[in-house]
Amino acid sequence: MDLIKSVINTLASPTILFTLIIVTFFFIFPLNDWFYRWNKRLKLDSFWTNRGGIKMFIILLVFFAFGLFDENFRLIVLKPDNVPIVGLIFLVAFFTWLSMKQAVDNDVHIENNENVNEYSDPDDKVLTWPDLVYIELIALVLCTVLLIVWSIGLQAPLEEPANPTLSPNPAKAPWYFLGLQEMLVYFDPWIAGVLFPSLMIVGLMAIPYLDTNKKGVGYYSFKQRMMAVSLYMFGWLVLWVLLIIIGTFLRGPNWNFFGPFEYWDLHKLQPLTNINLSEYVYIIWFSTGMPDNILLREIWGILLILGYFLILPPLFAKTWLKNLYNRLGNFRYSVFIILILFALSMPIKMYLRWMVNLKYIVAIPEYFFNI
Amino acid sequence: MAEKIESNQERLYDISKLNILFAVSSIIFLIVLIWTFSADHSRSWKDLQLQFRQLQIEKTNVRLAEEKTTLSELGEYKEIADRLEKAHEEFQKKSDEVVIAEDTLFSLKARLSKVEQTYNFAKADFDAVKYEYEVAQAHDLDNVESLKKKFESLQNQLYDDLLIQQQAEKEIENQTAKVQEFRSEIKRLENEKNELTQQTDILGSKLEKIDPAHMTFSNKIANAIRDLPFLDFLSPYYKVDQVVIKDLTDNVNFTRVPKVDRCMTCHKGILKAEFENDEQPFKAHPNLDLFLSSKSPHPVEEFGCTSCHGGRGRGTDFVSTVHMPSSPEQEKEWEEKYHWHQLHHWDSPMLPMQYVEASCFKCHSNETSVKYADKLNLGLNLIERSGCFGCHKIDKYKDRPKAGPSLEKVASKMTKEWAYNWISDPKSFRHNTWMPRFFNQSNNNDEDSQNRTNQEIHAIVHYLFKNSSEYGMDSVPIKGDAKNGELLVSSLGCLGCHQIAPDPLNQKTSIETLRKEQGPNLVGTGSKTSLNWVYSWLKDPQKYSSSTRMPNLRLTNQEAADIASYLSSLTKKGFSEKSIPSVDEEVLDEITLDFLKKMNSDEDSRIKRAEMTFEEKLDYNGEKLIRMYGCFGCHDIPGFENNKPIGTELTFEGSKLVEKLDFGFIEISHSREAWFTQKLKEPRIFDRGKVKLPDEKLLMPNFDFTDDEITAIVTALIGFVKDEIPESKIPERNERNLAIEAGEELIRIYNCLGCHTIDGEGGAIRPTIVAWLEGIAGASSAEDASLIQSFAPPILDTEGRKVQPEWLFNFLNRPTMIRPNLQVRMPTYEVISDKDWNKIIKYFQLKDGQTLAYENPHQISKSSSSYMAGDVIQDLGACNNCHFYGSTKPKQAALTWAPNLSLTKERLRSEWVLDWLRDPQAIIPGTKMPTPYVPIDEQIEDVESAWGKDVAKLHPDSEAMLKALRDYLWGIEGQQDVSAIVKRHLETEGYGFIVEDEEDEW
């Protein structure tokens, strides 16, 4: 028992968890044909069958049921604040499964040149009343029932009057902001709190304009929109939902990482010494002092960032994204690739922090400009 | 169309299934809605109020039954009831007459209404015509004349109507009187009966309100529906009871909100004394005279509940009010009964009952002893006595003298070896010393630490002895008699502050026992210091230490030598012989390096250390260690005159957030009380399991407090809160209160109550007096309370009214003999400044309501008749049996001697003397002074013949006679200091104790 717990605790440590997920993710949600072949070969598409769904559900259920025997796990999972996140885990899993199941199902139909499941005769219509409104009404009543039962059963988690001399530890944002809060660990507020959220919204708005693929409209399909679905799923599941789950269950006092079965000890210490890229360059690699000139000091980081955003896109356009570039054209491609690079900067920075204790790539605290 | 709708062909879903689904979900919704209301409506406090109501009904019924029985057994009541019955019978007999009279009254009333109507109409007409007539007259109209006539006729008419009306009224009045006459007897008897049944009636009407069985039908219906959901907004029976105190606020960090206490929502019986024996939550407050009731000094409307008890006043259930258990057993019980758990979201949880007195301190922090709060007082005294404030700044103890003795001249007092052993383990020398143990504690008792601390002690001792200044000790000039010394120690008053207790007394610590520990327990004095030192110390304590509170007892050389040789004979075996680890330079080097590294780099530290000689290392470490351990917090040590205390400030420790207390790895409940208790019990415990360098370890020494002492100290600590108290709640800061506070503080500091008694407090020395009396006069004398009192230090009640302030000031500075036979000696306190003496005198004065600093002295004329009468009265009263008249000795044996009356004029206040003569027992119960006899019951002729005409003139006014006596006292002159006479007398004749059981002269 304790062995299982300690294995899970170890697996939940950020580097391992994140690496595992990133490595396996594109095999489950293939990005291109190569991954797709592996997906088939490893039979990973069996997730999206009824049996796979039930298995997933049972695994989740067993995990939580098992976890509830552990005092630390119980304390965190059953906290009224966190109950919605447990619900979120099940719901996200369910809806992902549901959509993927339908998509995979349709893929088979398409392959066999059959009509997709959602296919309907353009003349075949149903009435708004009662077919739509009645159902909505019933759903409304049942949702209200659920909310009332929930609010009576789990009292609102009110806390003490805010005290400026005693902030709660850990101080957590509302659950839907925990992904952003997690980003704050790796980026300055102006990036994690302003730039990234704005880009997310802009990116979501840009999707219809970037996605020129006419296939898969009005019905679920995976194969026809493999890259679109997988990239989106990566952003949604890994860069958003996973960060919320980590923020809720794995971040404890002092924002330290704790395994799901670990006691949230206020006094746990984790080494948190980080250094900037410029310090790496000058002090460790060149073994000299730091230049006084800010620009000179940070030139390496600046070059790196510029290279990331200016050199990588044309490079990719010429190499393994050639097809995409040809399909999207210059402007769409540029917007698309910049958005993707921004999204990727998040895991990249996380890894740099974990592996080499990198604090900032560009550090100009004199002007509050750190990247 | 209709066909289409009926057939389901056009439907995606089956409509009848949807209907069923809708019906089911609607029903679920309805159930949930009802659940919402019932969840909202059911509150735990309502159940409790229901129970309380039941209890109240039962109680009232019992009391009503009792009242009724008492009433039925009351003869008076029976008699009235009988008479009432008879009166009713009488009335019945006359019923025909009554009916006729009542009918007449009825028709008379009807007639009156009619007459009144007629009058009102006439009046209206009259007013209208009057107006018209006035207008016509003013404007000279033509119809003036006709209007005038009309006006006049109406006026007459109105007058006639008025007469008729008055006539009718008169008739009604008469008839009413007649009717009432029939019932008057019944009414009178009923009134009488009501007076007797008042109590039962009150109980009965109370029951009508609360007990459905006693309710009227309509009230029963109201009772049934008034508490139903929705309807309960109108006038529910079960409702939240609360007090809102506008000027007391709860701090919610960013703002303050008025205190709202809803405790009485469940604690319904809290204000009702009749519930004193009931179970919680209905039990009445145990001290309604002091708290809550409107007549008490802390009425609930002004103070609420949580201002003292803590907790969340707005809460209305057991957990949300943050009740706190007093013991682990209670905690367990609550967990089972109420699903109790501590609500962590409230910074001031309720105080567990054993600490509740802590709250008194909030408002009464300026008082030296808070009345009725014995535990708090003990805690405050323990903090002072243990010298907590030496290391922990506490505003309450600002400028208090240091708790331990001065070490400025320590080398003259003891040997280095003794000092080493003492510092290493003080309790092994003196079991009840207040010097705490720093070494061999849980965080420094491993071998490495011990090796290190042994060297630390060497360094400390070295520093102290090296920096000790010269003390010009006298050598004992005469050989002392230890036996007499022992007698002197027990009779002079030493034992008001000191004890000589070789073994633990196993008594509960109280303020009383602390008074006897003002100075050290004198056991082992001979092993600690030299005969010469004790002698010199006794002769002049200030010479050794200018700040010592040890007073000068004005001992003669012989007395001092006797006491010194007695004290030197008290030795502690085995202590000085304890082996002392030798100085180990290697370990010392380590310590030196650690200290040096704090200010220097490693390399520099090593260089510096290499440059130090062995002696310098000892010096250096000694200084650093004294600074580190904070020895200067309790002792005067040269070189540490201006150092700041080393510990955490405790002024507001009671408001410290629990989160700021380091519980380390110790698993105790996370509350302030638990932490403080643990810390006091085992000060170093929070180091357990931690890896620490020697200089990072916790330093608080171990005082070996008992559990009771810890509870008391924790009570005080919890009381040190930061709450802002509005001025209206604290005891008035008037001149009297300020003077009393200042005086009480000094009285506490100098331990006056070790000997004296004020307001029934103090007199710690009395048992010693008893022992001394027993020694010289036998057991029977030692049982005589008034005899003990006559040899005990004076009771200082009414002192402010009693003595003249100038005299008191002089006396306090240079005490002189008052009661000649007293062995106990008022010492000279050279350390008390004039300013402080003034505070003390002012304390006595204002306490007794004396506000004047200067008063006209009492004037007498020796040729006045009053003075002459006084002379006669004193002579016949035989005052000179006990009192000195100047140098004239009293007639009786020294046993009964009383103050020299020649002191009276300068010492006493005339007004007080009169009170005293009137009834000495009223002022000092148990005094030997009798009430002087004045002849007022005798015939004036007899008085004149026996007492002379001056007294007869005053007959039968006892007051005037006492005044005469007082005048005489004011005229007594002569030698004031009779100490030499007394001494000679006692040497030759002794006290004259009658050791046999013979009748006393008194």
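Where is B:Gln939 found in chain B? B:Gln939 sits in the loop between α37 (920–923) and α38 (940–947) of chain B.

## Ground rules

This is a predicted model, in which local features need pLDDT of at least 70 and side-chain atom pairs count only at pLDDT 80 or more, while totals for chains, interfaces and linings use all residues. Residues are numbered from 1 along each chain as its sequence is written, and chains are lettered from A and ligands numbered from 1 in the order in which they are written.

Helices (H or I, at least four residues) and strands (E, at least two) are DSSP runs, numbered from the N terminus.

## Back to that loop

B:Gln939 is exposed, because there are 11 other C-beta atoms within 10 Å. The cut-offs are 20 or more other C-beta atoms within 10 Å for buried, 12 or fewer for exposed, and partly exposed in between, with C-beta atoms placed from the backbone. From B:Gln939 to B:His955 is 16 residues in sequence and 8.9 Å in space, C-alpha to C-alpha.

Chain A has 13 helices and 2 strands. Its C-alpha trace spans about 75 × 55 × 40 Å along the principal axes, and 16% of the 371 residues of chain A count as buried.

Two residues are in contact if their C-beta atoms, placed from the backbone, lie within 7 Å. Chain A puts 20 residues into the contact, and chain B puts in 24 residues. On the side of chain A that touches chain B there are 15 nonpolar, 2 polar and 3 charged residues. Here Ala, Val, Leu, Ile, Met, Phe, Trp, Tyr, Cys and Pro count as nonpolar, Asp, Glu, Lys and Arg as charged, and the others, Gly among them, as polar.

## A hairpin in chain B

Strands β1 (residues 243–251) and β2 (residues 256–261) of chain B run antiparallel, joined by 6 bridges; pairing takes at least two bridges found by DSSP. One bridge partner in β2(B) is B:Lys259, which goes with B:Ile245. The two strands form a hairpin with 4 residues between them, and B:Asn253 in the turn has a positive phi of about 75 degrees.

## Two crossing helices

In chain B, helix α34 (residues 865–877) packs on helix α40 (residues 958–971) at an angle of about 90 degrees, with their axes 7 Å apart. Axes are lines fitted to C-alpha atoms, for helices over the stretch in contact, and angles run from 0 to 180 degrees between N-to-C directions. That makes α34(B) and α40(B) roughly perpendicular to each other, a label for angles of 65 to 115 degrees.

Among the residues that meet are B:Tyr867 and B:Ile873 in α34(B), and B:Met961 and B:Tyr968 in α40(B). By class, this contact has 7 nonpolar, 4 polar and 3 charged residues.

Notes: Angles under 35 degrees count as roughly parallel, over 145 as roughly antiparallel, 65 to 115 as roughly perpendicular and the rest as oblique.
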